[in-house]
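Here's a quick walk through one protein model, helix by helix and strand by strand. Have the sequence and the 3D view open as you read.

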Amino acid sequence: MLNQQVHRSPSIKTLIPFSKPFLHGNGRAFLPVHSSPSFQKSLKIRVGFSASNNIKAIAGATAPSVVSVKVKAVVTVKRTILGGTRSNNTEDVTYFKKPLFLGLVSAELDSNGSEKPTINVYASVAGVDLFNIRYEAEFEVPSSFGDIGAILVQHENQKEMYLKDVVLDGFLDGPMNITCDSWVQPLAIDEQKRVFFTTKSYLPSQTPNGLTRLRDEELISLRGSGQGERQPCDRIYDYDVYNDLGDPDNNPELARPVLGGQEHPYPRRCRTGRPHCTTDPESETRSDSNYVPRDEAFSGIKRATFSAKTLYTLLHGLIPAIKAAFGENKDLGDQFFWFRDEEFGRQTLAGLNPCAIQLVTKWPLESTLDPAIYGPPESAITTEMVEKLMGGDITVDEAIQQKKLFILDYNDLLLPYVEKVRQLEGTTLYGSRTLFFLSSEGTLRPLVIELTRPPMNGQPQWKQAFQSSWQSTEIWLWRLAKAHVLAHDSGYHQLISHWLRTHACTEPYVIATNRHLSEMHPIYRLLKPHLRYTMEINALARKSLINAGGTIESAFSPLKYSIELSSAVYDQLWRFDYEALPKDLIKRGMAVEDPTAPNGLKLTIEDYPYANDGLNLWFALKQWVTDYVNHYYHDQSLVQSDKELQAWWTEIRTVGHADKKDEPWWPVLKTSEDLIEIITTIVWVASGHHAAVNFGQYAYAGYFPNRPSIARTNMPTEEPISEKDMKFFLENPQAVLLRSFPTQLQAIQVMAVLDVLSTHSPDEEYLGKQMEPAWGEDPTIFAAFERFSGRMMELEGIIDERNADMKLKNRNGAGVVPYELLKPFSGPGVTQKGVPYSISI
Ligand SMILES: [Fe+2]
């Protein structure tokens, strides 16, 4: 490339005196004036910006030799108040009266191999509008300076400022935009000048010589020393275990085990460095606000939406809804929509938790738990029972061979927790299995529910299989059993499919990306929008959702063991490679590899809305990632020799997911194909998977009787049978069902939280809509992004078409909610659609 040739070869510089001095080094090709077609374009810009006044030239014998150029810098600072909403007065402006230091950094070294001195100026406030404060300054850039590689910024104002961007104007090839989008602390807090690199991306080995030190030092500074307590203004990314969920100093009842480590494996969270508790040195003290690196905090508008929404929800929507739901003489008929069997089956494929259903491949069903502790492993679901329920036309063997039997299996997962949970007041627990039959219509029909209690309190194991029936007692028992299974599924959804697999597992990717990939690394720039706000929402979750006594512990069946249960699942089931949608589907028997099928995958249930739409999205993401990765890693050896990338992946495996570091299934990172699969998996989890399990929460689970988060009472048939309880059940089956449901307080808490969690902020960024500035800078990436964006628009249409297709009975029919959770775009609010880039709520 001419750019590199020039700064490596002084002789060329001498030969073409006008070739280089006033280009900003954003990677655009440039040629000597007399032969460059692009010069015509530049010329127009020059005229427009009165460049003739900017450029100082010395007349030579054959051509003018330019010695310097005047470059105007316009710095945009966003008007916000301490991370809050924009001020409606000018209070914030008064904080920013002092000039702003700016230093231009050359991308090149001088002839002695030393860094060139920066060109320094001070910018002053030149204007204020409703949204921004504008600073301006003028640089005089000598021709010998070379490409601009970065800009240094520092200020001595009273408050931190949110630096949006810096535009440098006066170069031959047009204005240069340096995107900052970062909080800059005053000198009194941070003595270091902040560095912002240009939008051109470089692999580490290709870093211009003049920027190598800054690139390395910036990463060292972001990694921090691992010491001391983090302050809100810090920008340090580091790891810690989940040892701040309990509050033992305040109340011994609020002591919780440390999650992360051999006993309770877990992904790592952001280190805050707070002091440890006096009563439990392993635990960190609680705080009203958990530290996140400054730029990870919510934007003003998102924070405002988040806070306002909570209040609005409580005042306007919830309390009347609760009163209505608990009102007397309530007709429980149609309001139990999710309670209808066909809807129960449909939502395992197109509801809030479509990632737990599996194909039955082994028969008879059997537990793998230790029989000495949990009792006989055989299931109460027998072959005769299932064959009768399937109508007598097909044997179990045939049904398995024809892939017609499916299961929601929460038996071995929950059974070890039953005894512990039953010691808590106001809840109960069983292991459960729900068996479904795939009808000729392509819908799932629930056949039988098995509930199991292990041996405990001197009683032997108890288990019973409940079936849908035409007899009143059995119908009510079936409904009660279903309430238990729904509570299990609600818990699995919230704790595993949602919290663990998306929020918790992604935080290490955010930390490692910021610690090891420079802001000028192309993979950093590819991942950046996918990691936005995840640390902040997770910090908020640690504060009041997953903490001891928080909403999750108060309202889901396992109560105080809820989060511990997610650690057990992480330990037993979580694998990075299975987070890729195709592999997840294959593992659950919901798809098989088939070279003749589109994208090489054939679904076991053709109309499986989450998988149908999800695979479209997965392969669109994969194509975009492929185009992007192949542009920067055109040579396979570049992946292995990329020291930042290798350090990033090693740290994700061995530190961020330290408890899984010795697992053999971690993908290796040697080729661009490896990198494409790893990145696609990370961005799928942050976008498609999260959207599918997040934005339908209020719609599907907000009306709690349809999907209770907890089932509080035992089955009346559980042995030893209480005659009194059985009598009450036979006389008041509806009251028994209602008693099993969440309490009013639990319902209020869950509804309020689900409403907030299902809300898109007005500044939400949807897949394929917003383009990172660095992507737009490179024509190849720009074109690839445009194709990706086109595929997202196409997917909108494909999903609409599917929802209108009467043949697809899992997403179309009387009273059936269309499946829109993977439609890429949405407006703000609770919309049950829209796929944001990142996990931000
Ligand atoms: Fe979420």
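Let's start with a helix pair: P508, Y509, I511, A512, T513, R515 and H516 in α13 meet E644, A647, W648, E651, I652 and G656 in α21. Contact here means C-beta atoms, placed from the backbone, within 7 Å. Helices (H or I, at least four residues) and strands (E, at least two) are DSSP runs, numbered from the N terminus.

A word on the source: this is a predicted model, where local features need pLDDT of at least 70, side-chain atom pairs count only at pLDDT 80 or more, and totals for chains, interfaces and linings use all residues. Residues are numbered from 1 along each chain as its sequence is written.

Now the geometry of two helix pairs. Axes are lines fitted to C-alpha atoms, for helices over the stretch in contact, and angles run from 0 to 180 degrees between N-to-C directions.

| Helix pair | Angle | Axis separation |
|---|---|---|
| α13 and α21 (643-656) | roughly 145 degrees | within 9 Å |
| α19 (609-632) and α22 (672-694) | about 140 degrees | 9 Å |

From α19, the contact takes in residues including W618, L621 and V625, while α22 brings, among them, I679, V683 and W684.

I679 turns up again in the core. Leaving aside neighbours within four places in sequence, I679 touches I523, L526, V625 and V629. Along with A73 and I151, I679 has the most contacts inside the largest nonpolar core, a set of 196 residues. Helix α13 (472-516) gives the most to this core, with 18 residues. Such a core joins buried Ala, Val, Leu, Ile, Met, Phe, Trp, Tyr and Cys through C-beta atoms within 7 Å; buried means 20 or more other C-beta atoms within 10 Å, exposed 12 or fewer, partly exposed in between.

Then there's an open sheet of five strands, ordered β12-β13-β14-β15-β16 with antiparallel pairing; strands pair if DSSP finds at least two bridges between them. β12 (358-359) and β16 (462-467) sit at the edges, each pairing on one side only. Strand β15 (444-453) is joined to β16 by six bridges, with L451 opposite Q464. Helix α12 (411-422) packs on this sheet, touching β13, β14 and β15, and its direction makes about 160 degrees with that of β14.

Overall, the protein has 28 helices and 20 strands, and 46% of its 841 residues count as buried.

Key
Contact = placed C-beta atoms within 7 Å.
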